Amino acid sequence: VTTAVQIAGVGIHPFGRFDAGLVDIGGHAVVDALRDADGEGSRRPIDAAYCGTAYGGVATGHRVLAALGLTGCPIVDVEAGCASGAAALMLGTSAVASGQHDRVLVFGVEKMPKGMIRSSFFEPWREQAGLAATPAFFALRAQRFMRDSGVTKHDLARVVVKNRRYGVDNPDAMFRKAVSIDEVLGSRLVCEPLHLWMLCSPNEGAAAVVLERSTGSGITVRATALRSHLPGDVLDESSPLSGIVDAAIEPPTTLAARAAYETAGVDPAELDLVECQDTDAARELLTYEELGLCARGDAVRLIDEGPPVNVSGGLLSKGEPLGASALGQVVELVHQLRGQAGPRQVEGARLGLAHTIGRGANASVVVLAR
Amino acid sequence: MAPPTRDTGAIAPGLRVEADGADLIGGRCRSCRRHHFPRTSTCPWCGADATDEAVLSRNGTITGWTEVTVAPPGYHGPVPYLIGTVALPEGVEVVSRLIERTGDLDHGQAVHLTTTRLERGDGNELVVWSFETDESP
């Protein structure tokens with residue numbers, strides 16, 4: 001027997017570059033979420049906390065909550081690459097759904113160095129060999145996708161233009177200036193076909209969510225699915241050194257999506273809006289297919305005809321604080337489902353999906369409903 | 001999976017340098033019979049716990065390529081450089097640096113194995129595998 005879980009409060013620290021330290025950035029989002037859940041001046045206890053972070057270091061969740069006097073409850077720190085926040089959400093949701101806890105806090109926080117992400121995932125010799133260049137793997141995957149689906153560089157630029165246009169209306173985004181196709185294609189080439197503006201920037205930020213047993217009215221967590229990669233795809237986010245030629249291997253995003261749709265009892269065609277991993281512009285289009293939002297080869301059509309995707313501005317506008325990014329998407333969905341998203345509100349939004357895919361590989365799909 | 005190996009020094013793991021050239025030393029699973037690279041004691045595709053050493057073909061075809069224009073963290077070699085995937089007759093696809101000798105790279109282009117020496121940043125060098133385009137089709 002499982003209990004329905006609702007989101008009682010959400011909070012966010014803007015994504016960008018700040019003088020504030022990791023603890024302050026995380027604390028800001030946590031306090032914001034508790035205020036949203038409990039109202040000004042009161043604070044109901046939480047039974048457990050789950051903190052997603054990839055670069056925060058040992059006991060990041062404890063450090064953030066210690067500064068707020070919120071320790072004593074179990075605090076679990078979770079690392080799952082770009083899906084860290086979603087992995088924390090999955091654990092928190094399970095704890096409430098199972099009856100283990102009544103009320104939990106889930107948050108993600110990150111303060112990352114500038115530039116290309118350096119990861120302990122790779123052994124030193126691989127870095128020295130030049131075989132740990134993350135954007136190169138994004139580019140190789142983008143090329144394979146373009147060859148398979150007929151997507152062009154112009155299409156990739158359109159994704160950037162779309163997300164950056166949405167980002168103008170998000171005060172929590174790092175980049176809030178609209179860009180043109182020519183500007184995107186004129187930005188520095190990092191790895192063919194990916195130009196600088198087609199890649200998201202690692203940065204800093206935090207997001208937090210308070211979960212509790214459903215009272216039948218709030219925003220309900222309908223599914224939180226996390227999956228890793230199946231072996232054999234040379235270009236999956238586990239960045240192996242070899243794969244199996246011509247193997248048709250289901251990507252982790254598809255595995256997570258299928259599990260989430262089944263748990264939530266929804267069809268992707270019913271979704272009112274989607275927040276997805278636009279680490280690079282091609283990744284967003286590939287994700288449309290992997291999530292089953294469209295048939296293979298139809299991703300470009302979805303830019304104009306599909307449900308609104310990344311109305312928060314996506315990672316291309318917000319930047320990507322790894323541990324926080326998945327929960328940032330959840331915060332956006334909650335604002336949308338509550339009708340509180342201001343100028344970027346998707347009218348009548350009732351069902352939303354959030355997706356991440358990254359190092360591990362780890363893929364997450366979260367479905368929220370009003 | 002093998003535990004993370006420590007920095008092995010002069011030659012990239014999986015590469016064997018002989019007098020007559022270099023070889024990629026992969027593995028072949030005794031159960032599913034599929035090849036992998038570099039060799040691991042258990043099969044990364046099916047999980048079976050017995051693999052045999054397999055010297056992979058020196059010739060393959062390009063299945064993807066791109067140019068890295070900015071030095072990634074921890075890399076001290078020249079930029080730009082080429083990186084891609086190469087399909088080998090054993091049915092394994094390998095991530096590799098690429099060396100272009102014919103004016104342009106193409107999907108399906110024939111390449112052969114060679115090696116590249118790179119600065120490691122500590123005064124020493126690392127020898128890593130590379131695939132180079134064949135001079136003529």
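A polar contact is a pair of N or O atoms within 3.5 Å, and within protein one must be able to donate a hydrogen and the other to accept it. Keep that in mind for the first stop in this predicted model. The side chains of A:Ser149 and A:Glu289 are joined by a polar contact of 3.2 Å.

Start with A:Ser149 itself. This residue belongs to helix H5 of chain A, which covers residues 134-149. Its relative accessibility is 15%, so A:Ser149 counts as buried, the limit being under 20%. Beyond its sequence neighbours within four places, A:Ser149 is in contact with A:Glu289 and A:Gly297. The chain also brings A:Arg296 to this place. A:Ser149 and A:Arg296 are 147 residues apart in sequence, yet their C-alpha atoms are 6.9 Å apart in space.

Now follow A:Glu289 into its helix. A:Glu289 is one of the buried residues of H9(A). How many of the ten residues of H9(A) are buried? Ten of the ten are, so the helix is largely enclosed by the rest of the structure. The cover over these buried residues includes H5, H6, helix H8 (252-264), helix H10 (299-305) and strand E11 (351-358) of chain A.

Look at the two ends of H9(A). At its start, a side-chain oxygen of A:Asp280 comes to within 2.9 Å of the backbone nitrogen of A:Ala282. Just after the helix, A:Gly292 has a positive phi of about 75°.

Two packed helices are described by the angle between their axes and the distance between the axes. The axes of H6 (residues 153-167) and H9 (residues 281-290) of chain A come within 8 Å and cross at roughly 95°. Angles of 65 to 115 degrees count as roughly perpendicular, and H6(A) and H9(A) are therefore described that way. From H6(A), the contact uses A:Asp155, A:Leu156, A:Val159, A:Val160, A:Lys162 and A:Asn163. From H9(A), it uses A:Ala281, A:Ala282, A:Glu284, A:Leu285 and A:Tyr288. By class, seven of these residues are nonpolar, one is polar and three are charged.

Next comes the core. In soluble globular proteins, nonpolar side chains tend to be buried together. Here the largest nonpolar core has 89 residues. Which of them touch the most other members? They are A:Leu131, A:Leu156, A:Leu285, A:Tyr288, A:Val367, B:Leu24 and B:Trp129. H5(A) gives the most to this core, with eight residues. Take A:Leu131 as an example. Its contacts beyond four places in sequence include A:Phe122, A:Trp125 and A:Phe137, and in chain B they include B:Ile83, B:Val95 and B:Trp129. Another core, of 36 residues, lies apart from the largest one, and A:Val96, A:Ala97, A:Ala324 and A:Val346 are among its members.

Two more residues complete the tour. A:Asp233 sits in the loop between strand E8 (219-228) and strand E9 (242-244) of chain A. At 16% relative accessibility, A:Asp233 counts as buried. Its side chain makes a polar contact of 3.0 Å with the side chain of A:Arg144. A:Asp233 also touches A:Pro240 and A:Ile249.

Finish in chain B. B:Thr51 lies in strand E4, residues 51-55. Is B:Thr51 buried or exposed? B:Thr51 is buried, with a relative accessible area of 5%. The side chain of B:Thr51 reaches the backbone oxygen of B:Thr40 at 2.7 Å. Among the other residues that B:Thr51 touches are B:Arg28, B:Cys29, B:His36 and B:Cys43.

Note on methods. Residues are numbered from 1 along each chain as its sequence is written. Chains are lettered from A and ligands numbered from 1 in the order in which they are written. This is a predicted model: local features need pLDDT of at least 70, side-chain atom pairs count only at pLDDT 80 or more; totals for chains, interfaces and linings use all residues. Side-chain values use heavy atoms; hydrogens and water are left out. Helices (H or I, at least four residues) and strands (E, at least two) are DSSP runs, numbered from the N terminus. Buried means under 20% relative accessible area, exposed over 50%, partly exposed in between (1.4 Å probe, protein chains only). Contact means heavy atoms within 4.5 Å. Axes are lines fitted to C-alpha atoms, for helices over the stretch in contact, and angles run from 0 to 180 degrees between N-to-C directions. Angles under 35 degrees count as roughly parallel, over 145 as roughly antiparallel, 65 to 115 as roughly perpendicular and the rest as oblique. Ala, Val, Leu, Ile, Met, Phe, Trp, Tyr, Cys and Pro count as nonpolar, Asp, Glu, Lys and Arg as charged, and the others, Gly among them, as polar. A nonpolar core is a set of buried Ala, Val, Leu, Ile, Met, Phe, Trp, Tyr and Cys residues joined through side-chain atoms within 4.5 Å.
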